[in-house]
Amino acid sequence: QVQLVESGGGLVQAGGSLRLSCAASGRTFSIYGTGWFRQAPGKEREFVGAIRWSGGGADYYADSVKGRFTISRDNAKNTVYLQMNSLKPEDTAVYYCAAKMDYCSGYGCYENRYQYHYWGQGTQVTVSS
């Protein structure tokens, strides 16, 4: 079992920044990759970005956030971060982190929410215009 807890959400003006954290506990040594997703009211949960839990490898981002959002990790703290800059009102959503426990390669794998085994409870991000 893996437990994921997101934090860092809040209200920010357009153009501002927030950093979300996702703290993992439990069988963290078995995590292969972690993803960030978001869900706005009335919309499907959508991929934001993803990174391998440890070791090398690329990180992946949705086109809508590329160049504005950055994912990083601190394995010593079992925490993954989502740095969000130049926020827009359309970034308003509940943000979730998720853990994938088996091999994943390429954008097509990481962007698929059904590939993930564990999810956090989400943290609200609201961007005002």
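The structure is a predicted model, in which local features require a pLDDT of at least 70 and side-chain atom pairs are counted only at pLDDT 80 or more, whereas totals for chains, interfaces and linings use all residues. Residues are numbered from 1 along each chain as its sequence is written, and side-chain values rest on heavy atoms, with hydrogens and water left out.

The chain contains one helix and 11 strands; helices (H or I, at least four residues) and strands (E, at least two) are DSSP runs numbered from the N terminus. Their order along the sequence is β-β-β-β-β-β-β-β-β-α-β-β. The radius of gyration is 14 Å, close to the 14 Å that the globule rule gives for 129 residues, so the chain is as compact as a globular protein of that length. This radius is taken over C-alpha atoms, and the globule rule is 2.2 Å times the number of residues to the power 0.38. Along the principal axes, the C-alpha atoms fill a box of roughly 40 × 25 × 25 Å. Contact denotes heavy atoms within 4.5 Å; among contacts between residues at least 6 apart in sequence, 59% join residues at least 24 apart.

Of the 129 residues, 46% count as buried, where buried means under 20% relative accessible area, exposed over 50% and partly exposed in between (1.4 Å probe, protein chains only). A nonpolar core is a set of buried Ala, Val, Leu, Ile, Met, Phe, Trp, Tyr and Cys residues joined through side-chain atoms within 4.5 Å. The largest such core has 40 residues, of which Trp 36, Leu 82, Met 84 and Tyr 95 touch the most other members. Strand S9 supplies the largest share of this core, with five residues.

Aromatic rings were examined next. A pair of aromatic rings is described by the distance of the centres and the angle of the planes. Rings of Phe, Tyr and Trp (its six-membered ring) pair if their centres lie within 6.5 Å; planes under 30 degrees apart count as stacked, over 60 as edge-to-face and the rest as tilted. Under this rule there are nine aromatic pairs. In the case of Tyr 32 and Tyr 103, the ring centres are 5.5 Å apart and the planes stand at 65 degrees, so the pair is edge-to-face. Tyr 32 belongs to the loop between strand S3 (18-26) and strand S4 (33-39), and Tyr 103 to the loop between strand S9 (93-100) and helix H1 (107-110), so the pair ties together parts that are 71 residues apart in sequence. Tyr 32 is buried, at 18% relative accessible area, whereas Tyr 103 is exposed, at 59%.

One aromatic cluster is formed by Phe 37, Phe 47, Tyr 60, Tyr 96, Tyr 107, Tyr 110, Tyr 116 and Trp 119. Arg 45 is placed over two rings: its charged end sits over Tyr 96, 3.7 Å from the ring centre, and it lies over the face of Trp 119 at 4.9 Å from the ring centre. A charge sits over a ring if NZ of Lys or CZ of Arg is within 6 Å of the ring centre and within 35 degrees of the ring normal.

Backbone geometry draws attention to two loop residues. Most residues other than glycine have a negative phi. Asn 78, in the loop between strand S7 (69-74) and strand S8 (79-84), has a positive phi near 50 degrees and is partly exposed, with a relative accessible area of 23%. Ser 86, in the loop between S8 and S9, also has a positive phi, of about 50 degrees, and is partly exposed at 42%.

The backbone oxygen of Ser 86 lies 2.9 Å from a polar side-chain atom of Arg 68. A polar contact is a pair of N or O atoms within 3.5 Å; within protein, one must be able to donate a hydrogen and the other to accept it, and residues adjacent in sequence count only if both atoms are side-chain atoms. Arg 68 is located in the loop between strand S6 (60-61) and S7 and is buried at 11% relative accessibility. Beyond neighbours within four places in sequence, its contacts include Gln 83, Met 84, Leu 87 and Asp 91.

Thr 123, in strand S11 (residues 123-128), is buried at 11%. A polar atom of the Thr 123 side chain lies 3.2 Å from the backbone nitrogen of Gly 9.
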